[in-house]
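Please open the model in your viewer and keep the selection tool at hand. This tour goes from one selection to the next and says what is there each time.

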Amino acid sequence: ASFTPSIIREEDARSIIRKHNITGGSTMVSFQGNGIAPSPQYNAAQPLPVIIAGAGPSGLVAALTLQKYGVPFVIYEQNASDKLCSDAGRGIDMSPSVIKILEKELGLYRRLDAAMKQYEYIDVSNMDGKHINTLRFKEMSERKRHITGERNFGFASRSKLQHILLEALGLIDRHGRIKDSPYGILRCGIAVTGYKKMIGNFVQVQLDNSMKVKGSALLACDGVHSYIRQCMQEGSEGSALNFTNQEAWWGTTTVRPGSALEQELLHIAASRKMQGYNVGLVVLGTNQNPGSFYANEVSKNVYSWSYFVESESSNFDADLIRRGGKVLDETEKQELVDKIPSTCKILKLFSEFTPTADMNRSAVFDRANNLPSVDGRVALLGDAAHYYHPLRGEGSNKAMVDGYVAAMRLATAIMGKSSSSNSKSQKSPSIEWALLGFDSYKRRKGNTALVKKSRKYGQDTTSNSRYTCWARQTYFKFMSAPKMIREL
């Protein structure tokens, strides 16, 4: 925080990006559209771009932070471009720290309006069809609804958040097609599969198309199945995924006018005297019908939802929660419908009215270990470093904070000058020291504790224990809207 990165000219950044991706030795390559062609000799006076693996929220926040200070970057995303803004039933309860970063530090205040919807109500019931509580945020004073500045507590569509980040980076045109920006390049369908620390001020990065590229640093934002993590922690004990004995079903549902689902939602709104559209639904399990269901309206008449149940099978082919999972066929969809208790009408309707193409299924994993997530100029961020149970909303928020903090440290090290008036001779840290400070033992220990806490919370939501189910329902029965905002 005591260093302020300086900003380089746009034309210099463009030159850096197009010159400093190499295959090794003195052979240079640059990006020409979607292809690769020889480029002029490397100029050692200019900084190499930062290589970012993964174009999820963490990678895009890191790129936007680097762009703010004129540090060039190249992003490699293993998925096709049409999956960059896919939802697959996902949404994010935005934390105050992330909102402050996006609004204040990265200047996305008005754009964030398009991605977030503030809660007006959260309706809580159980799987037996019994109403427990309705949290009435809309009826609170405006000041008490704020979680930061002028922003009310709300739910962000992952798809729309991805879109505004790509738009702010200048990496998509008005038709949503990928394009190069003055400070960075995004290449989809290419995965980073490994790296090699080199003598000198760079890291050599291996791509799955057999190319090797060169960067000043490598930020691994490539998710739970990170190739870079495998390379960094190969053979280390404690790096394996932990199956939580749960599976999740995710979906995105468009509520059609006149449908039985719309009629049930209108009935719930009328019976609870809810005057508004931004309604979150929570359905708690009972000892007879365990499980938990959550639904949020991410845009008008479009809901993202998730349903968690216990599972004996880890189903490793379907453990990609991040923009993945296993897309269902009609037989598997029917399996979901059969799992739902007949007393839970709203869940039945959501599952029936969601097309199979908009549903997926995933085993739920986490990973709790205290292994280092930095190796020289290479850092693991987000799910690549620490993988949380999804129910507490820790994963996406923590990943975006990681992206911002690590990128700020890199910007300081690459372009930085001391802002301390008391020490004019103070120098900015090296890239290695900047990333080591990010990966402190205290941070790793805190992440491990949070993973375990999230696991316990997640497992309680699908428990069939009579006491656990009673305790959760009692907790929500006496929950107030202000208390919910404070906790979330």
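Two packed helices are described by the angle between their axes and the distance between the axes. Here α11 covers residues 394-415 and α12 covers residues 431-438, and the two pack at an angle of about 155° with their axes 8 Å apart. Since angles over 145 degrees count as roughly antiparallel, α11 and α12 are therefore roughly antiparallel to each other.

**A hairpin**

Next, select residues 203-207, which form strand β16, and residues 212-215, which form strand β17; these strands pair in the antiparallel sense over four bridges. Click on Gln204 and then look across to Lys214 in β17, which is its bridge partner. Between the strands of this hairpin lie four residues, and Ser210 takes a positive phi near 75°.

**Where to read with care**

Finally, colour the chain by pLDDT, which averages 80, with 80% of the residues scoring at least 70. Select residues 316-324, where pLDDT stays under 50 and the model has 37 contacts beyond four places in sequence, and then residues 417-425, where pLDDT also stays under 50 and the model has eleven such contacts. Where pLDDT is low, the predicted coordinates should not be read in detail.

Methods: Residues are numbered from 1 along each chain as its sequence is written. This is a predicted model: local features need pLDDT of at least 70, side-chain atom pairs count only at pLDDT 80 or more; totals for chains, interfaces and linings use all residues. Side-chain values use heavy atoms; hydrogens and water are left out. Axes are lines fitted to C-alpha atoms, for helices over the stretch in contact, and angles run from 0 to 180 degrees between N-to-C directions. Angles under 35 degrees count as roughly parallel, over 145 as roughly antiparallel, 65 to 115 as roughly perpendicular and the rest as oblique. Two strands pair if DSSP finds at least two bridges between them. pLDDT is the predictor's confidence in each residue, from 0 to 100. Contact means heavy atoms within 4.5 Å.
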